Amino acid sequence: MTVKMPGVVWKPISRNYTKRRRARTDCVILHIAVTEASSLKGWFNNPSAGASSHFYVRRDGTIEQYMGAEYISWANGAGNSRSITVETQGMGTGSWTGPQVKSLARICSFAHEKFGVRTSLMQNSLPSSKGIGYHRLGVNPWRVNGGELWSSSRGKICPGYDRIPQIPTIAANAAGGTYAPVANPEKRPVKNPKPVQGTKNKHLSKAQVKNVQRALATCGIYRGKIDGVAGPVTEEAIEYYQRNQLWGNLVADGMWGPVCVAHYKWVKQLQTAMNNWKGSKIAVDGDYRKVTRARVEDIMERNHGGAYKGVIDAKPGPVFCKMLEIPTHP
Ligand SMILES: [Zn+2]
């Protein structure tokens, strides 16, 4: 089956790529096409091109896709068999436009959700390196010892000096999960909150309900008023939080009870502890969804074989918690 990203202009090419599924997908590699052409389809279909990319992002943010995202494009030499590749409209100098930055983040987020590509930054082209990278990492003289050669054109700076500093912003936006054509699929609006007391949270005082509402608003889940009334909207938000925690033992009953509170507090502890480790910082919001899970994976990966000797399964078990000096999940 052909893997198409939602919201793209689909322009399949018939040559210049390998129509075979990649055995693994470790990274997204960003490029500059050094052209103002509005499409690369014509060139990629030209028998003499001998090149292709999965995606092309125009200055206005429009994304063209040229082949199923699972196949092997010909964009970056030894990295082709494990990467999703993206060409962009523009010349050697200059920055990506705002719409291009957004579209690149969407592609990275898509790669994360469909292929498990990390949203952290690649530091080099080593075969073990994963995440969001760019062409120059695999080009001499910047290539590190043992790194894959991604082009034989020595000195190629792709995607350019002005664009490489934009990649951390792209990675940060990608980590927020923005690939669907909506603003943020993790955030879900709740309309017309009615101040009616529900039945599930009678054990909480008005002040406590306000705290829960604030906490869930911080997670992007509760959109009602901070009014201390645990009505249907609040119950629904609690239930949504419980159901989406990527953690097995939470019952989605809409009640902010001891199990839920213990989980929430522990996730905050985990997030605080992880922010003391090398790598990207995340919000301390008690929400164990994909941003936090990706950070857990990132730390496991970075320290694997060193400080971390457990399995890389994105679930903090006793070994991981001990390393972070926090208790295990309650
Ligand atoms: Zn390139």
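Let me begin with a definition: a residue is called buried under 20% relative accessible area, exposed over 50% and partly exposed in between, with a 1.4 Å probe and protein chains only. By that criterion Tyr17, at 17% relative accessibility, counts as buried.

A word on the source. This is a predicted model, in which local features need pLDDT of at least 70 and side-chain atom pairs count only at pLDDT 80 or more, while totals for chains, interfaces and linings use all residues. Residues are numbered from 1 along each chain as its sequence is written, and side-chain values use heavy atoms, with hydrogens and water left out.

I turn to the aromatic pairs. Rings of Phe, Tyr and Trp (its six-membered ring) pair if their centres lie within 6.5 Å; planes under 30 degrees apart count as stacked, over 60 as edge-to-face and the rest as tilted. The structure holds 8 such pairs. In one of them, Tyr17 and Tyr71 have ring centres 6.2 Å apart and planes at 40°, so the pair is tilted. Tyr17 sits in the loop between strands S1 (9–10) and S2 (27–30), and Tyr71 in the loop between S4 (63–65) and S5 (83–88), so that this pair links distant parts of the chain, 54 residues apart. Helices (H or I, at least four residues) and strands (E, at least two) are DSSP runs, numbered from the N terminus. Tyr71 is buried, with a relative accessible area of 11%.

Tyr241 and Trp256 also form a tilted pair, with ring centres 5.6 Å apart and planes at 50°. Tyr241 lies in helix H5 (residues 232–243), Trp256 in the loop between H5 and helix H6 (258–274). Both residues are buried.

Helix H5 also holds Gln242, which counts as buried at 3% relative accessibility. Its contacts (heavy atoms within 4.5 Å) include Leu250, Asp253 and Cys260, not counting residues up to four places away in sequence.

Finally, the metal site. Which protein atoms are the donors of the zinc ion? They are His31 (ND1), His135 (ND1) and Cys158 (SG), lying 2.0 to 2.3 Å from the zinc ion. Donors are N, O and S atoms within 2.8 Å of the metal (3.2 Å for Na, K and Ca); water is not among the atoms, so sites may look incomplete. Along the chain, the donors follow the spacing H-x103-H-x22-C. His31, in the loop between S2 and helix H1 (41–44), and Cys158, in the loop between strand S6 (131–134) and helix H3 (167–175), are 127 residues apart. His31 counts as buried at 1% relative accessibility, and Cys158 counts as buried at 6%.
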